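User: Please take a close look at one helix in this model and at what surrounds it. I would like a connected account, with the cut-offs behind the terms given as they come up.

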Amino acid sequence: MSKIGVFPAAGGLGTSILNHLVEIVPASQLILIARKPENLDAFKQKGATIRRADYEDPTSLEGAFEGVDVLMLISYASFEIDFRVNVQRHAIDLALRDGVKHIFYSSLGFGGDLEDVSVAHVMGAHLATEKYLAELQSRRADTFTYTSIREGLYSESFPIYTSWFDPADPVSEITIPHDGSGPGVAWVKRDELGEATAKLIASYVTDPAGFAHLNRKLLLSGPRELSLNETAEVLGKAVGRPVRIREISVDEFVRLPQHGVKHTYHGVDLAREWATAWEAIRRGETAVVSPLLGKILGREPESFEKTVSDLTR
């Protein structure tokens, strides 16, 4: 029986994956690794093995993946590039050293139709990690495979792309370096990404040789593309007041006080780097609607309107 590892296992996407995985495979098949293992007590009680490790503490990863055959590696939560790439490579190297045979990697839905380039700074570490996985596989073709899952932009993450629009304290004007016109975003519900990812993992474990996505990238996106203007209209309907987008320059954007706080990582203000996300949206990098999520779920994915309505109810 193949052992499935998940790291980090206690975040939003990780928890969603686990909630669906335990409905498909026995919890005793799971090795769950997290910075705060106490957050995984519910899965421990079901029979999962729980371990502590943290991307930011490299020594904690020593032995963390022992006994794991299939690893769901969830990307480090940041949009820095160098630090993020380094900690993810370290985790991958140790996983392979510990005998992991297949890695699922949670990438991001920039880059259009699975392209290997993006103008979005936030995509840089993902592209580098995908390249590293491919290079490792080419050198270890007999012992290692991978699948990179480009998870579309979460419907729940709309505040990041709408200047931190808060439905509890809504503004009538969203100021971003974008005019709101299309192409837009194929928003996707995070829990449906978790469900589909769990099903992909279970499919691989059931039949590794027949798995359709060996050594490939795949895109899980929402069912429809919405421009940022349409996104603002949905938010307006949810809060019961008109909401519009006003385009500002990147220089104006980075001077807004909330962005210096929201986009500072390890003491460095990356608001200007974050602004590249809107250029990527403008170029259509997040507009690709892939049918794959619906095929895996066996149903039409939830609409952005439904998710936002439920969030703001």
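Analyst: **Helix 6 and its setting**

The buried residues of helix 6 are Glu192, Leu193, Gly194, Glu195, Ala196, Thr197, Ala198, Leu200, Ile201, Ala202, Tyr204 and Val205, where buried means under 20% relative accessible area, exposed means over 50% and partly exposed lies in between, computed with a 1.4 Å probe on protein chains only. The model is a predicted one, in which local features need pLDDT of at least 70 and side-chain atom pairs count only at pLDDT 80 or more, while totals for chains, interfaces and linings use all residues. Residues are numbered from 1 along each chain as its sequence is written, and side-chain values use heavy atoms, with hydrogens and water left out.

Twelve of the 17 residues of helix 6 are buried, which leaves the helix mostly covered. Helices (H or I, at least four residues) and strands (E, at least two) are DSSP runs numbered from the N terminus. The end C-alpha atoms of helix 6 are 24 Å apart, in agreement with the 24 Å that its 17 residues should span at 1.5 Å a residue, the expected span being 1.5 Å times one less than the number of residues.

Leaving aside residues up to four places away in sequence, Ser16 touches Arg190, Asp191, Gly194 and Glu195, contact meaning heavy atoms within 4.5 Å. Gly194 and Glu195 are among the buried residues of helix 6. Helix 1 is itself mostly covered, with seven of its ten residues buried, namely Leu13, Gly14, Ser16, Ile17, Leu18, His20 and Leu21.

The next element to consider is the sheet, which is open and consists of seven strands in the order 3-2-1-4-5-6-8 with parallel pairing; two strands pair if DSSP finds at least two bridges between them. Strand 3 (49-52) and strand 8 (216-220) are the edge strands, each pairing on one side only, and the twist from one strand to the next averages 20°. Helix 1 (residues 12-21) packs on this sheet, touching strand 1 (4-7), strand 2 (30-34), strand 4 (70-74), strand 5 and strand 6, and its direction makes about 150° with that of strand 4; here axes are lines fitted to C-alpha atoms, for helices over the stretch in contact, and angles run from 0 to 180 degrees between N-to-C directions. Helix 4 (residues 124-139) also packs on the sheet, where it touches strand 5, strand 6 and strand 8, with its direction at about 160° to that of strand 5.

Strand 5 (residues 102-108) runs parallel to strand 6 (residues 145-151), and seven bridges join the two. Ser107 has Arg150 as its bridge partner in strand 6.

The structure holds 14 aromatic pairs, where rings of Phe, Tyr and Trp (its six-membered ring) pair if their centres lie within 6.5 Å, and planes under 30 degrees apart count as stacked, over 60 as edge-to-face and the rest as tilted. Among them is the edge-to-face pair of Phe104 and Tyr204, at 6.1 Å centre to centre with 85° between the planes. This pair links distant parts of the chain, since Phe104 is in strand 5 and Tyr204 in helix 6 (residues 190-206), 100 residues apart. Both Phe104 and Tyr204 are buried.

Elsewhere, Trp274 and Trp278 are edge-to-face because their ring centres are 6.4 Å apart and their planes stand at 85°. Trp274 is buried, with a relative accessible area of 5%, and Trp278 counts as buried at 0% relative accessibility. The two belong to one aromatic cluster together with Phe79, Phe158, Tyr161, Trp187, Phe253 and Phe304.

Returning to helix 4, its 16 residues reach 23 Å from first C-alpha to last, close to the 22 Å expected at 1.5 Å a residue. Its buried residues include His126, Glu130, Tyr132 and Gln137, and what covers the buried residues of helix 4 includes helix 3 (82-97), strand 5, strand 6 and strand 8. Arg89 lies over the face of Tyr132, at 4.5 Å from the ring centre; a charge sits over a ring if NZ of Lys or CZ of Arg is within 6 Å of the ring centre and within 35 degrees of the ring normal.
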